Amino acid sequence: WLAPYSTFMALKRHFGGNPWYEWDRRYTNFQESKSGSLLDDLKESIDAYSFYQYLFFGHWLQIRRHAKKRGIGIVGDIPIFVAHDSADVWANPEIFQLEKDGMPTAVAGVPPDYFAKKGQLWGNPLYNWKMLRQTDYRWWLDRMAMNLSLFDVVRLDHFRGLESYWRVPSTATDARSGRWVKGPGFSFLRALKNAFPDAGIIAEDLGEITPEVRALLEKSGLPGMAILQFAFGGGSKNLYLPHNLRPNCVCYPGTHDNDTARCWYQEADADIRDHV
């Protein structure tokens with residue numbers, strides 16, 4: 001990953017920070033860029049970006065060691081999608097749903113719900129799961145291996161997108177015109193399990209979860225998630241109440257969408273604080 005990333009960053013700087021699909025055509029993917037004379041001129045910049053990574057990973061290793069000595073583990077988060085303007089897409093266009101000009105044929109999002117009447121249009125390019133399956137999901141396995149080298153446990157974001165994902169036309173202005181498309185399902189999770197049998201992986205299964213997604217999670221054996229702040233203030237059948245939690249799950253006080261646990265508790269109604 002280092003050579004594509006460093007080359008991408010050096011080229012991005014050279015082209016004024018513009019996204020890769022607006023660069024000179026000779027440099028719009030990693031393989032083609034190798035034959036361009038520009039890389040010789042950018043060698044010092046490429047080496048510099050590689051060195052920055054060396055410094056970062058050296059510092060991160062010190063943090064890991066410091067935490068481990070004190071019995072602290074670190075939970076990382078691996079987003080299911082990556083940005084269109086990224087070294088990942090630039091270096092691996094064949095595993096994404098892209099047009100010949102590099103633009104997405106469709107993008108990621110989620111359908112309308114109680115919180116967003118027009119849905120959420122994330123805009124990330126979607127995976128070409130058929131191509132990934134032909135490579136035994138090599139890019140994804142490499143990605144997971146990197147994350148497991150950085151963290152003690154990894155949370156796999158948007159798990160439901162592995163069962164079905166919301167595919168929105170690239171020309172859409174919101175997510176309402178999307179449709180559900182089947183994801184890789186257990187085929188991908190089996191490859192993950194075979195490659196990392198003892199890895200600590202958490203499935204982020206929050207939101208509107210269908211029976212098909214629940215069945216996939218149970219088949220995978222991965223622990224799901226529960227959010228403590230969502231547990232109180234409702235009825236006794238709330239799935240997140242401690243006495244309703246399923247055994248194989250990880251309970252978070254809150255997520256990045258929540259207030260801190262302390263502020264949430266202090267600002268909650270008296271009956272909720274009493275219940276907690």
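1. Buried residues are those under 20% relative accessible area, exposed ones are over 50%, and partly exposed ones fall in between (1.4 Å probe, protein chains only). By this criterion, 46% of the 276 residues of the protein count as buried. The model is a predicted one, in which local features need pLDDT of at least 70 and side-chain atom pairs count only at pLDDT 80 or more, while totals for chains, interfaces and linings use all residues. Residues are numbered from 1 along each chain as its sequence is written, and side-chain values use heavy atoms, with hydrogens and water left out.

2. Overall composition. The protein has twelve helices and nine strands; helices (H or I, at least four residues) and strands (E, at least two) are DSSP runs, numbered from the N terminus. Its C-alpha trace spans about 70 × 50 × 40 Å along the principal axes. Contact is taken as heavy atoms within 4.5 Å. Among the contacts with a separation of 6 or more, 64% are between residues 24 or more positions apart.

3. Nonpolar cores. A nonpolar core is a set of buried Ala, Val, Leu, Ile, Met, Phe, Trp, Tyr and Cys residues joined through side-chain atoms within 4.5 Å. The largest such core has 58 residues, and Trp-140 and Phe-159 touch the most other members. Helix α7 (residues 138-150) gives the most to this core, namely six residues. Apart from it lies another core, of nine residues, including Ala-226, Leu-241, Ala-268 and Ile-272.

4. Surroundings of Phe-159. Leaving aside residues up to four places away in sequence, Phe-159 touches Leu-189, Ala-203, Glu-204, Val-213, Leu-216, Leu-217, Ser-220 and Leu-222.

5. Strands of a sheet pair through backbone hydrogen bonds, either parallel or antiparallel. Here, two strands are said to pair if DSSP finds at least two bridges between them. Strand β5 (residues 164-169) is joined to β6 by four bridges, and the two run antiparallel. Ser-164 has Lys-182 in β6 as its bridge partner.

6. Salt bridges. A salt bridge requires a side-chain nitrogen of Lys or Arg within 4 Å of a carboxyl oxygen of Asp or Glu. A search of the whole structure finds eleven. One of them joins the side chains of Asp-142 and Arg-138 (3.2 Å, N to O). Both residues lie in helix α7, four residues apart, about one turn of the helix. Asp-142 is partly exposed at 41% relative accessibility, and Arg-138 is partly exposed at 45%.

7. Salt bridges with buried partners. Arg-155 forms a salt bridge with Asp-157, with the closest N and O atoms 3.4 Å apart. Arg-155 is buried, with a relative accessible area of 9%, and Asp-157 counts as buried at 19% relative accessibility. Salt bridges that share partners join Asp-77, Arg-155 and Asp-157 into one network. A further salt bridge is that of Arg-176 with Asp-174, where the closest N and O atoms are 2.9 Å apart; Asp-174 is buried at 13% relative accessibility.

8. Aromatic pairs. Rings of Phe, Tyr and Trp (its six-membered ring) pair if their centres lie within 6.5 Å; planes under 30 degrees apart count as stacked, over 60 as edge-to-face and the rest as tilted. The structure holds 29 aromatic pairs. The rings of Phe-96 and Trp-139 form an edge-to-face pair, because their centres are 6.0 Å apart and their planes stand at 75°. This pair links distant parts of the chain, 43 residues apart: Phe-96 is in the loop between α5 (87-91) and β2 (106-110), and Trp-139 is in helix α7. Phe-96 is buried at a relative accessible area of 4%, and Trp-139 is buried at 10%. Ring pairs also link Phe-81, Phe-96, Trp-122, Tyr-127, Trp-129, Tyr-137, Trp-139, Trp-140 and Phe-188 into a cluster.

9. Positive phi values. Most residues other than glycine have a negative phi. Tyr-137, however, has a positive phi near 60°. Tyr-137 lies in the loop between α6 (129-134) and α7, and is buried at 3% relative accessibility. His-158 also has a positive phi, near 50°. His-158 is found in the loop between β4 (153-156) and α8 (160-163) and is buried, with a relative accessible area of 11%.
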